[in-house]
Each structure stands twice: as structure tokens, then as C-alpha cells.
Amino acid sequence: MATSAFALKEQGNKAFKAGDFKEAEDLYSKAIQRDSANPALFTNRAFTRIKLQAWDACIDDCIRAIELQPQSMKGYYYLAQAQVALHHPNEALSSATTAYDICLRTHDSSASNISALILQAKKEKWEVKERERIRRRSDLLRELEDGLTRTADVQRLQVDQRLKHLELDPTEGREEKEEITGATRRKVEEVRNAFAISDPVNLARREVPDYLIDNISFAIMHDPVVTKTGNSYDRSTLLEHLKRSNTDPLTREPLTRDDLRPNLALKQACAEFLEENGWAVDW
């Protein structure tokens, strides 16, 4: 008897939990062959492909899931992650914002993670603009950044070759690529800081105004809401707090989800600040 799509999906889930992402991908693919109208199978495989850093294939799965289920929160969420990884911040911001809106409407528990992804997309979007602005100020800085980027590209290709020759498993390859990306960003940051010291007027960065900072996470807010006592917090972090305590974090007065109102003026202020200061995401 042929194995059902449901049984294959369950086997895929077990392989995923065990960290065998390639096996999980194969099992989800077999399940899709038996039930190609199930959007959950495509989002399961998309998440697996995120783990495998198969970004283009992940995007294909997400698009298919959204076609089958237009309000697929996971479809948009995973799509945004792949778009960020491929350095398409504008598209990622649109996808992540759609996922966030769906998440709030359905009271899904992923709001905090999606909010963080939105900030990451905004940062990536700002970095593209900031990189060009600073590079126009200094030919030497441009050459140094280009050199660091080329070195990282070579290192990632070397990892791909080791994966191809089975010298690394997918998890090791993913971790090495993440380390290369992180190390390169740190080096670029150090170079920019050095240039900022020599040209503070044009290259230095500003501090984040206190009123843009969430009093729970101490990060810049993405979707601020105001409570009945007049305090503002980021919606996602406040909702997480309300799961533990139905009180205002500052005043300790009773507070529920229904008491929250969008702080539109503050949201606009945060968006405008991030538009010009994407570094603030990591502040």
C-alpha cells in the first residue's frame, strides 16, 4: 500500500526535529506528490529549505503556499526570510509586513519573531542606501568594503565546494556561512567606525531618541501601541508580556489586549528614523 501524504508529512516532521533536513525535504516532496493542494506541505518544505539555505527553492514553495492559501502567515513569513537572505530588502519588508498583519488578525504567537524580521528588513534596506552614501564620500572606504565582500564571497564558495564533496554536512555548512557573514559585517562595521572618527560630520552615526525605545525589550519600536495609562510599548513585546501578566509593565495597573490602541504618530516617527538610521535596529 502506498504511503499517504499525511504519513509522509509526519515522517518529514520527525526527520526535521532530528535535524536531518535533507531527509525531511525529500519526505515533504513525496507528500506533495500525493497531495499537491495542501499549503501546509509547501510551508513545511519551505521551512526545511530555509535550514538548508536553499533560498530560491524556498521562495518557490512559499509562492505556491500563498497561491493555495492567500492568508498563509507562514508562507509570507518564510518568504520574507528567504528574501532577506538573498538581499532583497524591499520585497522582504513587504512580505514580512503582510505576515505580521495576518499574525495579529489570527492572534498567532509569532508576532515577536515577525516584528524582529521586519526590523531586520528595514535595516537591510537602510544599509543599501547607507553603503552608497558613505562610499560616495570615500573612494578608499569603497575599495576596502568591496575587498571584504569579495573575500567573503570566495569563502562562501569554498564552503559550497566542501559541501559538494561531502566534507561538511548541511548544518556545518550553514554554520560556517553564518560565521563568514557575521565576521564580514563586523569587519565592515569596524572600518566604517574608523572612517567616522576621521569624518564625524558626514560619517558618524546618531543616538536613538529615548521616546523611540520600547520599555520592555529596550529596542527601537516597530509597531508601537499606547495603553490607557498613556505608556507606549512595541505591540509584539507587550503581547508577550500580557501572556505572563495582565498588567502595565511600568504602572502595574490592570491591562488587557483590548486596552491597546495604535500609536500612529510614534509609529510614523519610528519608521522615519529607521529610514535614515537603519543601524538603530541593533542599538
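His241 is buried, with a relative accessible area of 10%, where buried means under 20% relative accessible area, exposed over 50% and partly exposed in between, for a 1.4 Å probe and protein chains only. This is a predicted model, in which local features need pLDDT of at least 70 and side-chain atom pairs count only at pLDDT 80 or more, while totals for chains, interfaces and linings use all residues. Residues are numbered from 1 along each chain as its sequence is written, and side-chain values use heavy atoms, with hydrogens and water left out.

His241 sits in helix α11, residues 235–244, helices being DSSP runs of H or I with at least four residues and strands runs of E with at least two, numbered from the N terminus. Leaving aside residues up to four places away in sequence, His241 touches Ile216, Thr247, Asp248, Pro249 and Arg252, where contact means heavy atoms within 4.5 Å. A polar atom of the His241 side chain lies 2.9 Å from the backbone oxygen of Thr247.

Arg252, one of the residues touched by His241, is exposed, with a relative accessible area of 54%. Arg252 is found in the loop between α11 and β3 (261–262), and has a positive phi of about 65° although it is not a glycine. Gln53, in the loop between α3 (39–51) and α4 (55–68), has a positive phi of about 60° and is not a glycine either.

Turning to a pair of helices, the axes of α1 (residues 5–17) and α2 (residues 21–34) come within 8 Å and cross at roughly 165°, axes being lines fitted to C-alpha atoms, for helices over the stretch in contact, with angles from 0 to 180 degrees between N-to-C directions.

Methods. Polar contact = N/O pair within 3.5 Å; in protein donor to acceptor, adjacent residues only side chain to side chain.
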